[in-house]
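Here are a few notes on the strands and how they pair up. Have the structure open while you read.

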Amino acid sequence: MPKSIAVEPEHTRRKGRLSFPEIPLHAYDTPFASEVAARGKGALIEVLRHMLLVREFESMLNAFKTRGNYAGIAYNYKGPAHLSIGQEAAAVGMALALEPEDLIFGSHRSHGEFIAKGLAAISKLPPSSLQAIMEQHQGGALMRVVEKALPGNTPKALAESFLLFGLLAEIFMKANGFNGGMGGSMHAFFTPFGAYPNNAIVGASAGIATGAALRLKLAQHPSIAVALSGDGSTGCGPVFEAMNFAAMAQYETLWTDAQKGGLPVLFCFNNNFYAMGGQTSGETMGWDRLSRIGAAINPQAMHAETVDGQNPLAVADAVSRKRALLRQGKGPALLDVECYRISGHSTTDANAYRTKEEIAAWEKHDAIAGFSAQLTAAGVLTSSEVDAMRQSVEATIKAITAAAVDPTCAPPVNIHADPTLIGKLMFSNEEIPVPQAEAKVLAPADASGRVRQDAKKSRTGSGPAGEKLSPLRAITLRDGLFESILHHMIHDESLIAYGEECREWGGAFGVYRGLSDIVPYERLFNSPISEAAIVATAVGHAMAGGRSLVELMYGDFIGRAGDEVFNQLAKWHAMSAGILKIPVVLRLSVGSKYGAQHSQDWTALVTHIPGLKVVYPATPYDAKGLMASALSSNDPVVFFESQRLYDTVELFHEGGVPADYYRIPLGEPDIKRPGTDLTILTIGPSLYPALAAAEQLHATSGISAEVIDARSLVPFNYETLLASVKKTGRLLLVSEASERGAFTNTIAANVARFAFGHLQAAPRVLGTPNWIVPGADMETTYFPQVEDIIHLVTSEFFPGKDSNQKGLRNWDHIELARLGL
């Protein structure tokens, strides 16, 4: 859409051929003697030691899972163990080429990468930094345990014990594990060493690492992000979405000079030839070499390369070269690191999908045996020194293990002592102060025609004679959203906004209209139509220290980002025991007139997932204040917006929508109309038919209905609602969600529980039928209308006051069908 990039028919219709860059395969050929001279004997000895530590650590886990005993230590480990025995060179070689401040994002099989990255960081950080890191984590509690149980004679030795013990305690779900026992084997991390979260979902780290790289780029931080996954992840759509997002041409063509260049992200595929039991090359994928997929992403083919993952120095060489390209703004890059997993996919794997001969053939190319032979052949170590190193490593892991299974050193998480412990970790409930700093802008806010136009509008929706003003004359819900977003965008440099059609178009429904006059491209940009990447990158950007405002255009498109919303956005704060903050606002519009795939209210789907705050305002005043609170929150907020309400003007709040910045706390419902006989709780646009029905009920039947607008669904403070129900004795809940499984049912059940003695009738839920949403001409027969509410109230709550309002639906005949019974 940018006017500066013309699409010229003379160019696009020209005859020609596409060519692709050559992709190197196993190009590393540096003589070992040169490596010894360049890196030094000590560094190469450490490479071997690190590989041995990784191998022994995973062998220990395998022993517990298969025999319940390691080196005479008995322990019943109940959790998962996806091991990478045989892939140590890939992990250690990668870490060797990275700096401590570089970030890695792992997979379910990333114990090795975690350990390798931590050991490499420890080897490069000064003792003072290591001491500070250990003292700051858990207030130094973990360090004191390690000092007592695993004394080290140097700061680096202590830091290594700290790393290995903290990881193993986390895998064993102990209270002093790195994540407080909330992450476990597949979600462990320790950010001070650059080891960001491992991820249990195949390929999920691709989008998160890309978002982190975006943050590194915008903050001009001299480091890179590495997305680690296996060859099987190349069958996952979100991985390709992430690679394309990382390679968007706009980084070069449209972003300001200081921010030009591709994202500093390396997609590192540890290709062990199997996705669980499915063989990738030759069976489940179309590629012959994984690196070939780079050619599908950009003209540079992502600088893709296939590397010998059995050789740690080959991997280190490739990662080092790709890192240099990324730091030059030439990202993204891709490495196909071919290695072999001697162990099974998990400890229950019977290896039915491969032959013993194949495994034996690869064992002859074992990375540790091969590198040990190179070191002895070059005179760097003797065979006896290699044996002594093995024994030392085994003793180290045995000591770490003994401490990790000792409840006095690593106490289990005590849920019995604190039954709501996990609940307390679901949200930080933290807010940032009101942003006051001045972010870099293209022009002052008042230079925008939108801002000048809105300044002329009435702040209230009522005219001098009480008449309702048109959206051209008064501030609308759309304008209220814009005002809060504008304030945060021009006062908080860490906040970026993107999604589908967010810039020149102004957002599909005009909320961002005028913002492109003020905010530069790198902080307000159009994304690909890649819902999974939009959400995943928002998570990664936030995880790396930024703040993200993204939109998917329609709520119906959640399905294209299901894992990213439900497993990533929702869970990382709790899985990190509160260490990670995920300040992301996800905007979703609820459609109208577009039928079954563009007009669904999926609030119930989102509220069902623990870890997401959910907001659905219905008035301009509420929309502005709630958006300000959402953007200030350090928790993920899903912000629903009804397309039918964008042009709504403010009719409730005295004085209308304040021009100044303000916040409305999340979770507080609001009484929009007082009453004494009946409570009507509404969600989203159902507020307006409920209000109209309340007026008619009072005029025709003398029924006084109190109408409460939920405004927020998670959290939801029941005090206002319970007080109303205790006064009226009756509750009707109205929303536009399908009644089956609607969040209104949850509220109704809780009210029935906590106000049972005050109810004169069972709470009643009114929503939409459990059918597809019909097209525009039939919408009034589907969404609750004024007459539907009136008929329900007068026929069920007050049958003696029947208003003779039967509504558009023949309730007596279709009620059971509506409910799907």
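1. A quick definition before we start: two strands count as paired if DSSP finds at least two bridges between them. Also keep in mind that this is a predicted model.

2. Let's begin with S11, residues 495-499, and its neighbours. S11 and S12 (residues 524-526) pair in the parallel sense, with three bridges. Within S12, asparagine 526 is the bridge partner of glycine 499. S11 also pairs with S13 (residues 547-554), again in the parallel sense, and here there are five bridges. On the S13 side, glycine 499 stands opposite glutamate 551.

3. Is S11 buried or exposed? Mostly covered: five of its five residues are buried. Both faces are covered, with Leu495, Ala497 and Gly499 on one side and Ile496 and Tyr498 on the other.

4. Five strands make it up, in the order S17-S19-S18-S21-S22, and the pairing is mixed. S17 (670-673) and S22 (764-768) are at the edges with a single partner strand each, so one side of each has no neighbour in the sheet. On average, neighbouring strands of this sheet are turned by 25° against each other, direction ignored.

5. Inside that sheet, have a look at S18 (residues 678-682) and S19 (residues 705-709). They run parallel and are joined by five bridges. Isoleucine 680 stands opposite valine 707 in S19.

6. Last one, a helix: H27 (residues 743-754) lies across S18, S21 (731-738) and S22. H27 runs at about 160° to S21.

Methods:
Residues numbered from 1 in each chain as written. Predicted model: local features only at pLDDT ≥ 70, side-chain atom pairs only at ≥ 80, totals over all residues. Heavy atoms only, no water. Buried < 20%, exposed > 50% of the residue type's maximum accessible area, 1.4 Å probe, protein only. Helix = DSSP H or I, 4+ residues; strand = E, 2+ residues; numbered from the N terminus. Axes fitted to C-alpha atoms, helices over the stretch in contact; angles between N-to-C directions. Contact = heavy atoms within 4.5 Å.
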